[in-house]
Amino acid sequence: MNQNQMKQAVAEAALEFIRPKLENDTVLGIGTGSTAELFIDALATIKGQINATVASSEASAARLKSHGIPVYDLNTVDEVDFYIDGADESNSALQLIKGGGAALTREKIIAAVATQFVCIADESKLVHTLGQFPLPVEVIPMARSHVARELVKLGGDPVYREGVVTDNGNVILDVFNFPIPQPLAMEAKLNNIVGVVTNGLFALRPADVLLLGGVDGVRTLYPQ
Ligand code: 5RP
């Protein structure tokens, strides 16, 4: 099984995970990225049972709408029952690095609202210590150099993601060479840098369950 087949398998497993729990008023939060796209396409096979979604990016909203799946503004729904999204890395506590697709801010907002965050990923994403994947940080454009200097003080090597503007009109700094043994403390520290909109650490609000695709099938992991 290659990585794409593992992503396909977890997308289908996520559909089976939520399908028995769907009710008429269920609101699904939908993530961003290649694994989330496969989930959206799987969701389309039962679209008659999906009455409301909220999307973490314009791209995911467009894909949902292309299938005829209703997409709502987050402000118009009272709650989000399940948030289904991929990740760039997860540790065993299901603390994540996200934002490889530059959608981290809206992803973090929906994850904060969601009752249950279902993360879907292939097994290459499971790591012992977060930070092998460069940590994305969304930044107000005029603060880019200031935030980069602060990130250097914290020990990282920030690199401006050229040519990328987020759905919120901001820019991304990817922080390389930045192992994160204490994700909770680091997430809070990064949030305190003036000019940072969001950082890609999802530790204060980790995933509740991880569906992890491997060569032998999909495993269901809970925080350790
Ligand atoms: C987008 C994300 C994605 O969930 C993350 O980048 C994983 O993407 P993929 O499913 O393509 O591997 O955080 O901002």
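Which elements do the buried residues of H5 pack against? Keep that question in mind as you open the model, which is a predicted one.

**Stop 1: helix H5**

Select residues 144-153, helix H5. Now pick out Val-147, Ala-148 and Leu-151, which are buried. They share one side of H5, because they cover an arc of only 105° around the axis. The spacing has a simple background. An α-helix has 3.6 residues a turn, so residues three or four places apart point the same way.

Now show what surrounds these side chains. The buried residues of H5 pack against strand S7, strand S8 (157-160), strand S9 (171-176), helix H6 and strand S10. That settles the opening question. Turn to the face of H5 that looks away from its buried side. Arg-149 and Lys-153 are there, and they are exposed. Then step just past the end of H5. Gly-155 takes a positive phi of about 105°.

**Stop 2: helix H6**

Move to H6, residues 183-191. Select Pro-183, Met-186, Glu-187 and Leu-190, which are buried in this helix. These residues lie on the same side of H6, because their arc around the axis is only 105°.

**Stop 3: helix H3**

Next, select helix H3, residues 58-66. Its buried residues are Ser-60, Ala-61 and Leu-64. They sit on the same side of H3, because they span an arc of only 100° around the axis. The cover over them includes strand S1 (27-30), helix H2 and strand S2. On the face turned away from that buried side, find Ala-59 and Ser-66, both exposed. Just after H3 comes Gly-68, with a positive phi of about 80°.

**Stop 4: the largest pocket**

The largest pocket has a volume of about 260 Å³. It is lined by 14 residues. Select Ala-55, Asp-73, Leu-74, Arg-106 and Ile-110, the closest of these to the pocket centre. Which elements give two or more residues to the lining? They are strand S2 (52-55), helix H3 and helix H4.

**Stop 5: Ala-36**

Go to helix H2, residues 34-43, and select Ala-36. Is Ala-36 buried or exposed? Ala-36 is buried, with a relative accessible area of 1%. Set aside its neighbours within four places in sequence, and Ala-36 is in contact with Gly-31 and Asp-85. Now draw a distance from Ala-36 to Ile-120. Their C-alpha atoms are separated by 7.8 Å, although the two residues are 84 apart along the chain.

**Stop 6: the aromatic pair**

The structure holds one aromatic pair. Select Tyr-83 and Phe-117 to see it. The pair is tilted, with 5.1 Å from centre to centre and 45° between the planes. Follow the chain back from each ring. Tyr-83 belongs to strand S3 (residues 80-85), and Phe-117 to strand S6 (residues 114-122).

**Stop 7: two lysines over rings**

Select Lys-21 and Phe-17. The charged end of Lys-21 sits over the ring of Phe-17, at 3.7 Å from its centre. Then select Lys-98 and Phe-202. Here Lys-98 lies over the face of Phe-202, 5.8 Å from the ring centre.

**Stop 8: two loop residues**

Finish with the backbone. Most residues other than glycine have a negative phi. Select Leu-94, in the loop between strand S4 (89-90) and strand S5 (96-97). Leu-94 is not a glycine, yet its phi is positive, about 65°. Leu-94 is also buried, with a relative accessible area of 1%.

Now jump to the loop between S9 and H6 and select Asn-177. Asn-177 has a positive phi of about 55°, again without being a glycine. Is Asn-177 buried or exposed? Asn-177 is exposed, at a relative accessible area of 56%.

Conventions
Residues numbered from 1 in each chain as written. Predicted model: local features only at pLDDT ≥ 70, side-chain atom pairs only at ≥ 80, totals over all residues. Heavy atoms only, no water. Buried < 20%, exposed > 50% of the residue type's maximum accessible area, 1.4 Å probe, protein only. Helix = DSSP H or I, 4+ residues; strand = E, 2+ residues; numbered from the N terminus. Arc of directions from axis to C-beta. Contact = heavy atoms within 4.5 Å. Phe/Tyr/Trp six-rings, centres within 6.5 Å; stacked < 30°, edge-to-face > 60°. Lys NZ or Arg CZ within 6 Å of the ring centre and 35° of its normal. 1 Å grid on protein atoms, 1.4 Å probe; cavity = no way out; pocket = protein on both sides within 12 Å on 5 of 7 lines; lining within 4 Å. Points joined across faces, edges and corners; volume = space filled by probe spheres on them.
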